[in-house]
Each structure stands twice: as structure tokens, then as C-alpha cells.
Amino acid sequence: MLERRHIVGGAAVTEEFHPGFRNSVASYTVSLLNPQVIADLRLAEHGLRVVERPFSNFLPLPDGRAFRLGGEHGTAEVAAWSARDAARLPEYFAMLERVVVVLRELMQLTPPNVSDGFVLADWLASASVARRLRRLDMRGRRDLLDLFTKSAGELLDHWFESEPLKAALGWDSVVGNFASPYTPGSAYVLLHHVFGEVNGKQGAWGHAIGGMGAITQAMAAECAARGVVVETGVEVARVLVEGGRAVGVALADGRELRAAAVASNLNPKLLYTKLVPREHLDDDTAQRIERYRCGSGTFRMNVALSELPDFTAAPGTQLQPHHQSGILVGHSLRYFEQAYFDARSKEHNAGWSRAPIVELVVSSTLDDTLAPPGQHVASLFCQHVHPEVDGGWDAHRDTVARLMIDTVDAVAPNFRASVLGYEALTPLDLERRFGLVGGDIFHGALGLDQLFSARPLLGQGNYRGALKALYLCGSGTHPGGGVTGLPGRNAAREMLRDFGRRPARTA
């Protein structure tokens, strides 16, 4: 296994970003990691431990009030805003779960490799999918179609009337998605984020002790136990191709490594435009991969703090349950939409929201290994910014970083003064460091034209690439991004099948 950086793990790594402060520098929270991946790779035996948040979300609102969702803050909290919403919330979650229980299985299947005339209905009618969809009654199938095709805003406006509730639920539809919550298809992005579980609890979110790097370091330990050779600080310059077949890779240091097969977990756009020589791609593949949609509108920050945020809506710098939740600055779907319009239009600046959305996770409140005693580490996942700003991102990084800090300071007035240092990662920085083209955390937009058999392209939906013996195993394949481990697991199964071998059984 070859890794360009000094550490394995891609965007799921823990690194020091300020003296004495460590954090999950890119991906930052756990839910979608598949239990079968945890079992297959013996991650728990290698030290992986995930702890849950006390509740899902805390929203400090502009009027000084707060909204909490999840945990002990169930229907009573929602009812304080809307009795109607409190009555409908269990039915909404039941609707999602009916669909998700089927889709969790589909995520672990290899999509049918349809090559021509593919539409969503073809995928839904394929034999492997149809067997599972039979478990859904007609109402469930209609819900599934809604979740695939409608906007999250349209869906949530139908179900609920309370703006804070819709914001808390709708945040999942714009995470890593450079789109309005009212963009058709954004309901699927919402659905994508509810597939997960933590310690057997469906839909829960948690924190890996030691940060996200604890996941990938546990994987590296299992690789070592199985005799896998892992080289870091090694850059692949190009894929070697002979007779239309991938036969190895050429490295930037001049070496060539030959192999019976090559597997890539890069963004497919990066793979085909940078590493596979153009003459080995047919014109249609080359042209379509140029149009493959990437870009997430994400601005990622790691912040060292002298004390916990003191929220106007929940005063105090002593540790409280809301400090351990996902803290969302953004009070309505309309707020989310305006953030997107600002960044997309570039009407007010070079390409970022005047009032951005910020999810703040103070990871050190769950994990005291990340910061010195009495101090804290915060992850800021911020949207929306344009993947390509006027004048280039290097000219605007600190300006936008200060805006994000000020956005949190508006609801927690001690925040700016408590900042000891920070690391700001623009979409360009995410691309440079982690290969996330356009800052895209999913390795490609999760639109219907880039899902299932069409991820990344029709004819390559079964993890087999544009060349013989070239396999795709990253988030640019089914079922997409989110630190699930499933693209790699599914691709490995197909490789073993091609080599006439069976997967090893796990205890």
C-alpha cells in the first residue's frame, strides 16, 4: 500500500495542529463506519473505542434561546416549540428507519454494472435490489422515491413547522454538499447521513478516542498483523499500462512496482486526469470524467481554546452536556439556503457566505487526550464557501477563518478571546493535503447522476475501472463518502471474486 503523506489514513487522521493540541484534522465524527468493517479488521481489538454524544444537537438561536435534539431532549423539547411537530417526530423517524433498514443492506452490495440507458428505475428493478425492496410496502416505496428525488427542504417543510427542528434535521442535507437544502436530490444526502450507528445504537453519532486517526491506525495495525507492506511518503506518479491493462505504478522517486492488479481509493477525477495516461482512456470516459462533479463548499478549522465556549443561550464555561453535542450555528433552512446563495453568486465577496453555517464539535470534552489539562480542541465544519474563490484561496484563508470565529463568537461571546491558535483548511487546502478535489469530502457529489451504478460512471459501478486489473475502492464508488469503510470492503470482495478466491471468514 502506497501513501503520499507521512501518515496513513487519508482524511481520517489525527495530527497536532498547534503545540500541545491534536485533533481529527479533516473528518471529525463517527457514525457511518460499518459494523462489519469493524469486525473484519478487528478494530476494537486494536484499540478502537467510540463514545457517544449525550445528545445529537444544540442550536444556540439568535434570540438568546436554545434548541436541543436527541438524548433526553426528546418530544418534550420539540413540543415546547410545536406540539404538532412533537406528535409527528416519531412517525418521521419511523419512516426513515423503514427505508434505511433496506438501504443499509444495499450499501453492502455491488451495484449492477449497467452501461447504457440507465435510469433510477433500472437500478431499483434489478434483481438484487428488488428482492430487498419487496420488504417495503407501497407507502415505503413511495417514501424511498421521495428521499431519492426531492429536496430536503420540501420533505422537512411537509413534516414539520418549527424552524429550529427543521434546521437540526436538515443540516445533514448540506454537510459536504455545495447546495441549498431546497436543491432537488438533497433529501438523499440527508438520508445518506442517517445510515449509521454507534455501539449498536442506530442513527447515533460519536467520537473515536484519539480522534479519527484511531480508526485508521487500528486498520494499519491489522495490516501489519496480516503482512501488508505499507509505504508512507511515497507518491504515485502514474499508473503503468500495457496492452490496455494496469500492470503497476511508477513512483515519483523513480521506482516502478509491478502487480497483478492496482486498486485506487483516489477521487476518480484525480485518478483519471492525473495518474492514468490520457492515451489509455477512450474519448467518452475522458470527457465524462472531466465533467464529474466535485466541490463541497466546505471550510474546515481546528481551533485550540483556553476554555469552553460560554453560550448566551446556555451560560457557563464549566463542562455541560451541550458542550459534548454537535453545536450548530444556523437556525433555519432559509439561513442555510442564503449561505449557499451568497457563496454561489459571489455577489457580496469573492465567494463565501456573509452568515455561514458552522457546526462546532468540542472533541476534547469527550476525549482528554487531545488537549492540555483545562484547555480544549474544537472542530469547526463551516459552510458555505465556493470551491473556487476570486483571487484564489491563499489570498482569503485568514479573512474567512476570522469570519467563522466571529460567527461562533456571536452566540458564545468568549469564543474569539479564548482562541489560542487555529488551523484553517480551505477547499484548496483540502485538495492539496488530502486529494479532496474541490474540497469534496465525498470524492464526488451525491447526486442521482453519480450514485449506485453511475458512481463514478456507468460501466464502472462494480468497482472495476476503465482498464483491466484497475479497481476503484474509494468514496467515489458506491455507496459514497462518510468514513463507512464500505467502498473498500465491497471492492475487495469483487477483487477476490476475479482472482477466484473467497473472503476470509471473521469470528
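Two strands count as paired if DSSP finds at least two bridges between them, and strands themselves are DSSP runs of E with at least two residues, just as helices are runs of H or I with at least four residues, both numbered from the N terminus. The model discussed here is predicted, so that local features need pLDDT of at least 70 and side-chain atom pairs count only at pLDDT 80 or more, while totals for chains, interfaces and linings use all residues. Residues are numbered from 1 along each chain as its sequence is written, and side-chain values use heavy atoms, with hydrogens and water left out.

Strand β16 (residues 326–329) is joined to β17 by three bridges, the two running antiparallel, and here Ile 327 stands opposite Leu 360 of β17. Six bridges join β17 to strand β18 (residues 376–385), again in an antiparallel arrangement, and in β18 the bridge partner of Leu 360 is Leu 380. Strand β17 (residues 352–361) is mostly covered, with eight of its ten residues buried, where buried means under 20% relative accessible area, exposed means over 50%, and partly exposed lies in between (1.4 Å probe, protein chains only).

From there one can turn to the interior. A nonpolar core is a set of buried Ala, Val, Leu, Ile, Met, Phe, Trp, Tyr and Cys residues joined through side-chain atoms within 4.5 Å. The largest such core has 69 residues, of which Tyr 92, Leu 191 and Phe 336 touch the most other members. Helix α3 (residues 83–106) gives the most to this core, with ten residues. A second, separate core of 33 residues includes Ile 327, Val 385, Met 404 and Ile 405. Returning to Leu 191, and not counting residues up to four places away in sequence, this residue touches Leu 96, Val 99, Val 100, Leu 103 and Leu 147, contact meaning heavy atoms within 4.5 Å.

Aromatic rings form a further set of links. Rings of Phe, Tyr and Trp (its six-membered ring) pair if their centres lie within 6.5 Å, and planes under 30 degrees apart count as stacked, over 60 as edge-to-face and the rest as tilted. The structure holds 16 aromatic pairs. In one of them, the ring centres of Phe 178 and Tyr 340 are 5.2 Å apart and the planes stand at 75 degrees, so the pair is edge-to-face. This pair links distant parts of the chain, since Phe 178 belongs to the loop between α8 (163–174) and α9 (186–192) and Tyr 340 to helix α13 (residues 333–345), 162 residues apart. Phe 178 counts as buried at 15% relative accessibility, and Tyr 340 counts as buried at 9%. Elsewhere, Tyr 28, Trp 171, Phe 336 and Phe 381 form one aromatic cluster.

Another sheet is open and has three strands in the order β11-β12-β13, with antiparallel pairing. Its edge strands are β11 (236–242) and β13 (256–258), each of which pairs on one side only. Six bridges join β11 to β12, and among the residues involved, Val 239 has Val 249 of β12 as its bridge partner. These two strands form a hairpin with two residues between them, and Gly 243 in the turn has a positive phi of about 60 degrees. Three bridges join strand β12 (residues 245–251) to β13, where Glu 256 is the bridge partner of Ala 250.
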